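Morning, everyone. Please look at the sequence and the model, and then we'll go through them.

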Amino acid sequence: MLSARQLLVYGLIAGFVAGLLAFGVARTVGEPSVNAAIAVEEGAPSTTHSHTSSPAAPHDHGDEDELFSRGTQSTWGLLTATQVFGTALGGLAGLMSALAMGRMGRLRSEVTTAVTVAVGFVAAYAVPFAKYPPNPPAVGDPDTIAERTTTFFGFIALSVVVAVAAVYLATYLSRRHGGFVGVAAGSAAYGVVMLVAARLMPTYHEVPHDFPATTLYDFRFASFATQLTLWAGIAVVLGLLLVRATRTARTSVAPRELQPA
Amino acid sequence: MAQPAAVSTPTTAVEVPTISVRQTLPWLAFFGLVALIAMYFVGAEQGATHLISGAGVHEWVHDGRHLLGFPCH
Ligand SMILES: [Zn+2]
């Protein structure tokens with residue numbers, strides 16, 4: 001039968017495969033906007049983005065003293081990021097699925113996994129995206145990076161905790177009042193708490209006035225597409241592995257009698 | 001929470017396997033830490049904070065950090 005360790009291994013495999021897909025999207029859809037933003041940065045060295053003012057983050061986008069070429073950053077560097085992040089995320093998705101499986105009403109394991117990953121995507125990426133949209137190079141004040149990093153991860157942590165509580169609420173109410181009431185109440189509770197939190201937490205407007213809006217939009221679209229590909233890929237591969245495992249488990253009982261050898 | 005052995009259980013219900021929480025939590029605690037460290041290196045190392053000096057990690061994963069949605073600089 002399935003074990004937590006097995007779910008972790010399935011998740012790691014799913015995360016690695018989905019990471020490759022996400023790399024493909026980031027490379028083809030995302031890199032043009034990153035390069036366009038770097039071109040803007042180099043064309044107009046604005047006062048709001050002097051990298052030298054932040055000693056903790058000496059940061060170059062194609063200056064003469066760069067550590068890695070743009071060609072390396074946009075291929076092997078990007079691939080490293082998607083594979084490390086994707087595999088870690090896949091493993092977490094596997095273990096969260098292990099906890100959710102068989103505990104969301106009568107949903108089959110692969111459906112439970114898909115729901116778990118979907119909730120994770122909304123809570124850990126999509127909602128934080130709406131509050132703190134990702135920025136391309138040349139956008140963002142280096143003087144506020146420490147504060148922005150703290151609020152960004154704080155918002156994600158809060159969102160994930162509230163989402164887990166909302167899932168508990170949804171499953172609890174589903175048992176008493178049916179699935180529709182349960183899911184609606186859970187979603188509404190999550191939405192209300194996060195709207196209040198988004199209103200209370202600080203907002204940063206740091207896009208330079210002369211930064212092209214289309215480049216900003218293209219970059220954010222590409223970031224969303226990259227993460228959506230990653231999470232969807234994890235849900236599909238993890239689901240396929242679970243379907244295969246449960247099918248083998250079901251059929252592995254009978255053949256023993258057929259083959260006494 | 002265990003459902004009472006309901007008399008109305010539909011005969012078509014598929015057996016959904018469950019994995020014990022007590023078996024899963026140690027894995028989640030251990031791997032959760034490993035995963036968070038891995039994600040930290042991709043998303044935040046040598047940004048606002050750093051465990052390794054220099055900018056090598058930051059520059060290597062730079063494009064991924066931007067496109068995965070982390071604050072880069
Ligand atoms: Zn950057």
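A nonpolar core is a set of buried Ala, Val, Leu, Ile, Met, Phe, Trp, Tyr and Cys residues joined through side-chain atoms within 4.5 Å. Buried means under 20% relative accessible area, with a 1.4 Å probe and protein chains only.

This is a predicted model: local features need pLDDT of at least 70, side-chain atom pairs count only at pLDDT 80 or more, and totals for chains, interfaces and linings use all residues. Residues are numbered from 1 along each chain as its sequence is written, chains are lettered from A and ligands numbered from 1 in written order, and side-chain values use heavy atoms, without hydrogens and water.

Confidence next. pLDDT is the predictor's confidence in each residue, from 0 to 100. Chain A has a mean of 88, and 87% of its residues reach 70 or more.

Now the core. Which residues have the most contacts inside the largest one? They are Leu2(A), Phe85(A), Leu230(A) and Ile234(A), in a core of 52 residues. Take Phe85(A). Leaving aside neighbours within four places in sequence, Phe85(A) is in contact (heavy atoms within 4.5 Å) with Gln227(A), Leu230(A), Met39(B), Val42(B), Leu68(B) and Phe70(B).

Last, the lining of the second largest pocket. By class, this lining has 13 nonpolar residues (Ala, Val, Leu, Ile, Met, Phe, Trp, Tyr, Cys and Pro), six polar and four charged. Charged means Asp, Glu, Lys and Arg; the others, Gly among them, count as polar.

Note on methods. Buried < 20%, exposed > 50% of the residue type's maximum accessible area, 1.4 Å probe, protein only.
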